[in-house]
Amino acid sequence: SLVSNYAQSNIVGYYDKPDRNLGKGAPPCRLTSFTEKQTNKWKDALPFIKEMDNCFKKLNPSEYKKQRARAKKNKFHIKNTSFSTITINNNWQTALHMDDGDFKEGFGNLCVVERGDYQGGYTGFPQFGVAANVRTGDYLSMDVHHWHCNTPLKGKNYNRLSLVAYLREKMIRCNKKNKKTKKKLRN
């Protein structure tokens, strides 16, 4: 039986946890399943991800500089970006939370791709009394180490993908000896 609601969410890029299917001795870092198996779709997505990185660099240069320097310490980041990972949520209202597992000095970078009509989905920081209605064509860079959430989504026949790009904290422990993934790092 389910303990929580089913979330239509997935990650792409790199992940800083071993593949549990490989058992003991699995490399500490890896490509996500999507990135490894859907190479053509991944390549098609790279220009969008690189544009998110460009927005981050332009709008938050000091935060970008820290995150990019950390990302460059190994090959486990999305090529020519400050990101290791993208979380993709489909029609998902997030509960109030602070992100965990991403670079402590880093930022989350949000874009939305939508079809159809819906209301809600505002990204809110209740303690500051602000929320942003991020829609297709918008970009939001945020310190995800503060409490944040989304307002409920309402509508019929809509699809709202939110894409959050960030750098995983423990990617720093990954190294070139991670042989299983080394061959696949050329994205």
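Modeller: Asp 16 and Arg 168 form a salt bridge, with the closest N and O atoms 3.0 Å apart. The pair links distant parts of the chain, 152 residues apart. Asp 16 sits in the loop between strand E1 (9-15) and strand E2 (30-31). Arg 168 sits in the loop between strand E9 (153-166) and helix H4 (179-182). Keep in mind that this is a predicted model.

Colleague: Why is the pair of Asp 16 and Arg 168 called a salt bridge?

Modeller: The cut-off for a salt bridge is a side-chain nitrogen of Lys or Arg within 4 Å of a carboxyl oxygen of Asp or Glu. The closest N and O atoms of Asp 16 and Arg 168 are 3.0 Å apart. The label therefore follows from the 4 Å cut-off. Side chains of opposite charge can pair when their charged atoms come close.

Colleague: Is Asp 16 buried or exposed, and how do you know?

Modeller: Buried means under 20% relative accessible area. Asp 16 has 1%, so Asp 16 is buried. Arg 168 has 9%, so Arg 168 is buried too.

Colleague: How many salt bridges are found in the whole structure?

Modeller: The search finds three. Another one joins the side chains of Arg 70 and Glu 169, at 3.3 Å from N to O. That pair also links distant parts of the chain, 99 residues apart. Arg 70 is in helix H3 (residues 61-71), and Glu 169 is in the loop between E9 and H4. Arg 70 has a relative accessible area of 19%, so Arg 70 counts as buried.

Colleague: What makes Glu 114 and Arg 135 a salt bridge?

Modeller: Their closest N and O atoms are 2.6 Å apart. The limit is 4 Å, so the pair qualifies. Glu 114 is in strand E4, while Arg 135 is in the loop between E6 and strand E7 (140-142). They are 21 residues apart.

Colleague: Why is Glu 114 called partly exposed?

Modeller: Partly exposed lies between the 20% limit for buried and the 50% limit for exposed. Glu 114 has a relative accessible area of 22%, so the label is partly exposed. Arg 135 is at 22% relative accessibility, so Arg 135 gets that label as well.

Colleague: How do you know that Cys 29 and Cys 174 are joined by a disulfide?

Modeller: The limit is a pair of cysteine sulfur atoms within 2.5 Å. Here the S to S distance is 1.5 Å. The pair therefore passes the 2.5 Å limit. Cys 29 is in the loop between E1 and E2, and Cys 174 is in the loop between E9 and H4, 145 residues apart. The link is left-handed, with -50° about the S-S bond. Both cysteines, Cys 29 and Cys 174, are buried. The structure holds one disulfide.

Colleague: Which strands of the open sheet stand at the edges, and why?

Modeller: Three strands form that sheet in the order E6-E5-E8, with antiparallel pairing. Strand E6 (130-132) and strand E8 (149-150) each have a single partner strand, so one side of each is left without a neighbour in the sheet.

Colleague: What makes E5 and E8 a pair?

Modeller: Two strands pair if there are at least two bridges between them. Strand E5 (residues 123-125) and E8 have two bridges, so they reach the limit. Gly 124 has Cys 149 in E8 as its bridge partner. Cys 149 has a relative accessible area of 17%, so Cys 149 is buried.

Colleague: How many bridges join E4 to E9?

Modeller: Eleven, and the two strands run antiparallel. Tyr 118 has Gly 155 in E9 as its bridge partner. Six bridges join E3 to E9, also antiparallel. There, Thr 85 stands opposite Tyr 166 in E9.

How values were computed. Residues numbered from 1 in each chain as written. Predicted model: local features only at pLDDT ≥ 70, side-chain atom pairs only at ≥ 80, totals over all residues. Heavy atoms only, no water. Helix = DSSP H or I, 4+ residues; strand = E, 2+ residues; numbered from the N terminus. Buried < 20%, exposed > 50% of the residue type's maximum accessible area, 1.4 Å probe, protein only.
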